[in-house]
Amino acid sequence: MELAYIPSPSSGVLYLGPVPLRGYAFCIIIGVFVAVWLGNKRWIARGGRAGTVADIAVWAVPFGLVGGRLYHVVTDYQLYFSEGRDWVDAFKIWEGGLGIWGAIALGALGAWIGCRRRGIPLPAYADAIAPGIALAQAIGRWGNWFNQELYGRETDLPWAVEITSSADGRMPGTYHPTFLYESLWCVGVALLVIWADRRFKLGHGRAFALYVAGYCAGRFWIEYMRVDEAHHILGLRLNNWTALLVFLLAVLYIVLSARKRPGREAVVEPGAGDGEGPAADAKKADGDATGKDAPAEEATTGDAPDTEDSDEPGKPDKPGKPDEPEASAQQDCAEEPEESKDGAGSAKKG
């Protein structure tokens, strides 16, 4: 008898009046918001504008959802197109079934379109959002818990997850919570990327490649524990081979990129903080408000022209102070009556 286990919800849907709130979709939505929030902070720290990450996510998220669903439907086509199945179920994304490989591949295409429209290098954008994507996956995996899916082998460990549903070939019991293992692993990958990016100043897509490599390393052993139906190649599940291949490609990219383009991008968004955009307009407005227009100030407070007799350059003479030549003239005029008086007296005396 199990002493402890993780209980599964009796239903993956909660109703807010007539509106159904599906746990799987709710986890995905929360994950997207977390990814955009963290990506925006990292983008601003790299020198980009606030809001750019969200603008590009408008392209990346829908493409990612379509890509994730396509990968799942193609690789597990028997769930939708075999005898007794309804192909319409392939469009019921809220019931679960998103392949991360397809989501990243097609999501990158959407991000490329958004970046191209704004003149932004895709590798720089990918580096900024890499930890956020890992956290989004960590949150999204709890949607599998709501749907009672993607669990591992049977176990009696205290953290085993209890499966109560018998639909689609499930057997009630307690199993390894692979959704929990992957969720915790993704949190660790996010922290690893953040630390490595600060320590080594990763750029040109290497932070994103580190996230991909780290995720694939964990996905390989977690996938190996799962017991749900899947295609096998040479004794390994298809997703094991995919994780191994993508891991090798990510590591190869890190090595080659570090040799070809060391360091990181000096500018991630054209015009951000260098004379264009909201930041520059705000700076200009502050300058106008403080009255630092040099030409106008010089025109109103400029120095007066210098005079020859001024004691200080640029300082006019004090009003009321006569020049020395004018004073001499007045003195001469004042002495003239005495001379006339003397002349008149001499003439009278003679």
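R141 is buried in this predicted model, with a relative accessibility of 12%. The cut-off explains the label, because buried means under 20% relative accessible area. R141 sits in the loop between α5 and α6. Its side chain meets that of E182 in a salt bridge, 2.9 Å from N to O. This pair links distant parts of the chain: R141 belongs to the loop between α5 and α6 (142-146), while E182 belongs to helix α7 (residues 178-200), 41 residues away. E182 is buried, as R141 is. In general, side chains of opposite charge can pair when their charged atoms come close.

The surroundings of R141 can be listed. Leaving out residues up to four places away in sequence, R141 touches L150, F179, E182, S183, Y215 and R219.

Other charged pairs come next. The whole structure holds 13 salt bridges. One of them joins R49 and E269, whose closest N and O atoms are 3.4 Å apart. This pair also links distant parts of the chain, with 220 residues of separation. R49 is in the loop between α1 (23-45) and α2 (52-75), and E269 is in the loop between α9 and α10 (277-289). R49 counts as partly exposed at 21% relative accessibility. E269 is buried, at 3% relative accessible area.

K92 and D89 form another salt bridge, with 3.0 Å from N to O. K92 is partly exposed at 26% relative accessibility. D89 is partly exposed too, with a relative accessible area of 23%.

Back to R141 and E182, whose side chains meet in a salt bridge. Elsewhere, salt bridges that share partners join R219, E223, R226, D228 and R237 into one network. R219 is also one of the residues that R141 touches.

How many of the 19 residues of α5 are buried? The count is 14, so α5 is largely enclosed by the rest of the structure.

Q148 has a positive phi, near 55 degrees, and Q148 is a residue other than glycine. Q148 is in the loop between α6 and β3 (161-163). Is Q148 buried or exposed? At 6% relative accessibility, Q148 counts as buried. H204 is not a glycine either, yet H204 has a positive phi of about 55 degrees. H204 lies in the loop between α7 and α8 (206-225). H204 is buried as well, at 9% relative accessibility.

Strand β1 (residues 13-16) and strand β2 (residues 19-22) run antiparallel and are joined by four bridges. V13 has R22 in β2 as its bridge partner. L14 stands opposite L21 in β2. In a regular strand, side chains alternate between the two faces of the sheet.

L245, L249, V251, L252, V255 and L256 make a nonpolar surface patch of about 520 Å². L245 lies in helix α9, which covers residues 238-260. L245 is exposed, with a relative accessible area of 52%.

Finally, the whole chain. Its secondary structure comes to twelve helices and six strands. Of the 350 residues, 37% are buried. The chain exposes about 21,500 Å², and carbon and sulfur atoms supply 63% of that area. Among contacts between residues at least 6 apart in sequence, 70% join residues at least 24 apart.

Technical notes. Residues are numbered from 1 along each chain as its sequence is written. This is a predicted model: local features need pLDDT of at least 70, side-chain atom pairs count only at pLDDT 80 or more; totals for chains, interfaces and linings use all residues. Side-chain values use heavy atoms; hydrogens and water are left out. Patches are made of residues with over 30% relative accessible area and no salt bridge: like charges are joined within 9 Å, nonpolar side chains (Val, Leu, Ile, Met, Phe, Trp, Tyr) within 5 Å. Accessible areas come from the Shrake-Rupley method with a 1.4 Å probe; for residues, only the protein chains shown count as cover. A salt bridge is a side-chain nitrogen of Lys or Arg within 4 Å of a carboxyl oxygen of Asp or Glu. Helices (H or I, at least four residues) and strands (E, at least two) are DSSP runs, numbered from the N terminus. Buried means under 20% relative accessible area, exposed over 50%, partly exposed in between (1.4 Å probe, protein chains only). Contact means heavy atoms within 4.5 Å. Two strands pair if DSSP finds at least two bridges between them.
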